[in-house]
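Please open the structure in your viewer and keep the selection panel at hand.

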Amino acid sequence: MILGLGVAGVMAGLWYVKAEEETIMAKAASQAEVLSATMTAPGTNTPVFVNAKVVKMPKDLNLAGESVPLDDPEVYERMDKELYVNTYFHSSTIFLIKRSTRWFPQMEPILKEAGIPEDMMYLAAIESGLANVVSPAGAAGYWQLMKGTARELGLEVNEEVDERYDPIKSTEAACKYMLASYEKYGNWTNVAASYNMGRNGFSKALAKQRVDSYYDLLLNQETSRYVFRILAVKEILNDPEKFGFQIPESEKYQPEQLKVVEVKSSIPDLTSWALEHGVNYKTLKRYNSWLRKNTLTIKSGKTYQIKLPA
């Protein structure tokens, strides 16, 4: 279309577009000034972040007490990127903050009992967003375990029961995996990276590149970002307001009061069973997402614990 307008027509068209752009930009700037001047946190004079702000790099960064070599410019820039990405990926990070107050208090004692540093909880945060999700590769649950790995770690995985979706049992299984990795690598940074990449792949990379530190490896994009994402999420969740997230305690999700019903005989219809216990099927699945079908076949001597609202 432009070819048929001639030079004068093209120049006039370009001028018109530029003028429109300037008008739009001027309006946007004016609106931003109004917002910046008027938006404050409810009941305070604290301004809410409207425009992007510089995210300052923390002076001392560590994962489970292991220092991050920020004097390496390549490491510094990778860390810098993840701080910005996770600070301004608002909806995702807000839900991480809200969910962490429900799940971290339940996961932390399990890690502590296993002798695993608290920082390793953040693996679950970046693996699943602290939600029961399934990856394209088939990894499932809060800790994103593959079926074969889950079974090796002692979880039950079949058509009716998949304990990868049980937040407590899957945390216990993830602890077993991380402890085995720590015995192999001797540091938690490499444990975290190998959790994402797999021990075999990570070990081969270390051997091929003849280094012993995650920070010295050239890896695939996902694993290259992985530890830095953990570090960024750790920093943000430990001090959300520092990064512009002003979320009242009342808005954060809390652990729910539940009771446990022990079941020792098969249930042919979980919908009917739920109704008999005063809840609907949706509520049953909310608290027991490890139940994968509408039936539960129980072998002799086996007992399952089903959680319901107290």
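**Whole chain.** Begin with the entire chain in cartoon view, bearing in mind that the model is predicted. The chain holds 11 helices and 4 strands. Switch to a surface display: the accessible surface amounts to about 17800 Å², and carbon and sulfur atoms account for 54% of that area. Of the 310 residues, 41% count as buried. Among contacts with a separation of 6 or more, 59% join residues 24 or more positions apart.

**Largest pocket.** Next, select Trp-103, Pro-167, Tyr-287, Asn-288 and Lys-307. Of the 29 lining residues of the largest pocket, these lie closest to its centre. The volume of this largest pocket is about 670 Å³. Then colour α3 (90–114), α6 (167–185), β3 (258–263), α11 (281–287) and β4 (304–309), the elements that each give two or more residues to the lining of the largest pocket. Which element gives the most to this lining? It is α3, with 4 residues. Colouring by class shows 13 nonpolar, 10 charged and 6 polar residues in the lining of the largest pocket.

**Second largest pocket.** Move to the second largest pocket, which contains about 460 Å³ of space. Select Ala-139, Gln-144, Met-146, Tyr-195 and Asn-196, the closest to its centre of the 21 residues that line it. Display α4 (122–128), α5 (147–152), α7 (188–197) and α9 (221–238) as well; each of these elements gives two or more residues to the lining of the second largest pocket. By class, the lining of the second largest pocket comprises 11 nonpolar, 5 polar and 5 charged residues.

Note on methods: Residues are numbered from 1 along each chain as its sequence is written. This is a predicted model: local features need pLDDT of at least 70, side-chain atom pairs count only at pLDDT 80 or more; totals for chains, interfaces and linings use all residues. Side-chain values use heavy atoms; hydrogens and water are left out. On a 1 Å grid over the protein atoms alone, a cavity is a set of points where a 1.4 Å probe fits but cannot get out, and a pocket is an open set with protein on both sides within 12 Å along at least five of seven lines; lining residues have an atom within 4 Å of a point. Grid points are joined across faces, edges and corners, and a volume is the space filled by probe spheres set on the points. Ala, Val, Leu, Ile, Met, Phe, Trp, Tyr, Cys and Pro count as nonpolar, Asp, Glu, Lys and Arg as charged, and the others, Gly among them, as polar. Buried means under 20% relative accessible area, exposed over 50%, partly exposed in between (1.4 Å probe, protein chains only). Contact means heavy atoms within 4.5 Å. Accessible areas come from the Shrake-Rupley method with a 1.4 Å probe; for residues, only the protein chains shown count as cover.
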